[in-house]
Amino acid sequence: MNLTFIRTTLYRLFLLTSVSILALNVLLILYSVFTRYILNHSPIWSDELSRYGIIASVMLAMSCAYVESKHMKVAFIESAVNVSIKRLIRLYQWFIVLAVALFFSYISTQYALSLSKFSSMSLGISKTIPMLSVPIGFGALFFMVLLQGPFPKSKQGAASC
Amino acid sequence: MLIAIVITFLVNILLGIPLFICLILASIVGFYFVDFSLAFRMIPQQFFSGINSFALMAIPLFIFAGNLMNSSGLTSQLIKLANSLVGHLRGGLGYVNVVSSVFFAGVNGSAVADTSALGSLLVPAMKKEGYSTSYAAGLTAASSLIGPIIPPSIFMILYASLTNTSVGDLFLAGVFPGLLLGGAFLIMNYIYARKVGIQSQNEKASLKGILVAFWYSAPALIAPFIIVSSIVFGFVTPTESGALIVAYALILGVLNRSLSFSKLCLALIDTAILTGTIFVIIAASSIVSWLLAYAQLPTELAAYLEPYSQNPMVVLLILSLITFFIGMLMEEVSALMLLTPVFFPVAIASGVDPVHLGVVITINITIALITPPMGACVFVAAAVSKIEITEMFKSIWPFVLVAIVAQLFVICFPSLTLYLPSVFN
């Protein structure tokens, strides 16, 4: 089992989960529209669940978007310098994204755990649960960036799915 | 603190770090100057609360609906309709480009998607008709600016969520400025076609041909009316309107038998990835916005603009100028997220209407999509037209100038934006 296999499996897992949550979210909002306007009775938890759902979907898609190089960035300097400087810049990019992902994962885990005594208004669940999607998302980003390495040979395209 | 934030942001963005990471880094540096112990609580809290909004749920839904309509081939029908209407005129394909962008605006709302879709189809055809490549690519990029102004508009949803302004009013307010911008580019194309002596290669479509094109594109043309009317008349919220338009696009795709399961999956994947890139920027911008508010930047700006506060138009002009230059250096969503909370209290205190301000900021941010050095539409247009980016940057300025003139009209005549909301309210 090599690193490419692990990376591809993780990528598929994150993307599939993210897309599934997004699809369920669309169905949930359609269901709430149906119940509100046809049955005159809208479930009070649907707004909150769809908000938490989209945050979870976004946090998982973030790591897939990174691997796909879809995040917005400027590559002026990178494209204007010679190969050795370009490699240095790539190394810096890799290190910074890793460091920020790890730091964010750590502080958001701490913050999520600190919310354990608070409950959400409609669903009545601990606020830790939706908040955990942030450290999980940054954790996923950390592992994807780590496995991809500073000098990826090619993008892990959606085609591989 | 502000200087440290700006330097950290600029250095890292120039080194190719993804924008949302740059914003997080800048906020970490900002907290170092304020109180670093706050960072451990405020950074995750602001990140989460920045995207924990039901109003923002409309964004993935409108993106998904646009992707579904593109996958179903509905949008290509819009180009055929535009071609049958104006394709036979002198410089016809230039007009087709602009009119298609107006039609696309009601379906897609994304300028970059518009540039990509229209550019790959129309730029090669325009070259054959005698247009220079740089002009054809420039017109494609510039006319796509209409997309985020005519509803549905992601920028307007963001502005509304930040300022508690009515999305319905903003959508209505964007209609005339969007058409004005389209009209300005049509005039520009008329002058260019006359000057260069371009002849149309298309024959005038018969009435039957126009009606057939209209029939096939009608499902896509109806979409913006469903969105705007359902919100304006209070039937549904913007998010629910997004869900309805998704259902509409799905039903159309199934009825037309043009939407396979694989196309549906690809549309979902594209939506998830694009939403992921947009939402993390919104979330990361929320942290920096909080820091700027904590540092009392809006108050300082208000004090600086105090001498001009009696004249809302001057205030709008100054804010537009600042937005224009910041928009040149920043990605549009983050610029909107950072500037709106700072500008809104200043403008409202000067008597500017919040809906008018929303449209002006949206147009400013949108113009930044074609200004060097970070105009995303210019990059896309250069890529699909296969010309050097430096050549694109040189040739884009006349289009920027036309857009600025249209923007000045919008600033100087608030009734252009406020008339439709006042009629429906």
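The lining of the largest cavity consists of seven nonpolar residues, one polar residue and no charged ones, where Ala, Val, Leu, Ile, Met, Phe, Trp, Tyr, Cys and Pro count as nonpolar, Asp, Glu, Lys and Arg as charged, and the others, Gly among them, as polar. The structure is a predicted model, in which local features need pLDDT of at least 70 and side-chain atom pairs count only at pLDDT 80 or more, whereas totals for chains, interfaces and linings use all residues. Residues are numbered from 1 along each chain as its sequence is written, and side-chain values use heavy atoms, with hydrogens and water left out.

About 30 Å³ of space lies in this cavity, a cavity being a set of points on a 1 Å grid over the protein atoms alone where a 1.4 Å probe fits but cannot get out, with lining residues having an atom within 4 Å of a point. Chain A contributes A:Leu22, A:Asn25, A:Val26, A:Ile29 and A:Ile54 to the lining, and chain B contributes B:Met57, B:Pro60 and B:Leu61. The largest share, four residues, comes from α1(A), helices being DSSP runs (H or I, at least four residues) numbered from the N terminus.

Between the two chains, 51 residues of chain A are in contact with 54 residues of chain B, contact meaning heavy atoms within 4.5 Å. The chains bury about 4,700 Å² between them, 84% of it on carbon and sulfur atoms, buried area being the accessible area (1.4 Å probe) lost on putting two parts together, summed over both. Across this interface, one salt bridge is found, a side-chain nitrogen of Lys or Arg within 4 Å of a carboxyl oxygen of Asp or Glu, and it joins A:Arg36 to B:Glu240 (2.6 Å, N to O).

Conventions:
Chains are lettered from A and ligands numbered from 1 in the order in which they are written. On a 1 Å grid over the protein atoms alone, a cavity is a set of points where a 1.4 Å probe fits but cannot get out, and a pocket is an open set with protein on both sides within 12 Å along at least five of seven lines; lining residues have an atom within 4 Å of a point. Grid points are joined across faces, edges and corners, and a volume is the space filled by probe spheres set on the points. Helices (H or I, at least four residues) and strands (E, at least two) are DSSP runs, numbered from the N terminus.
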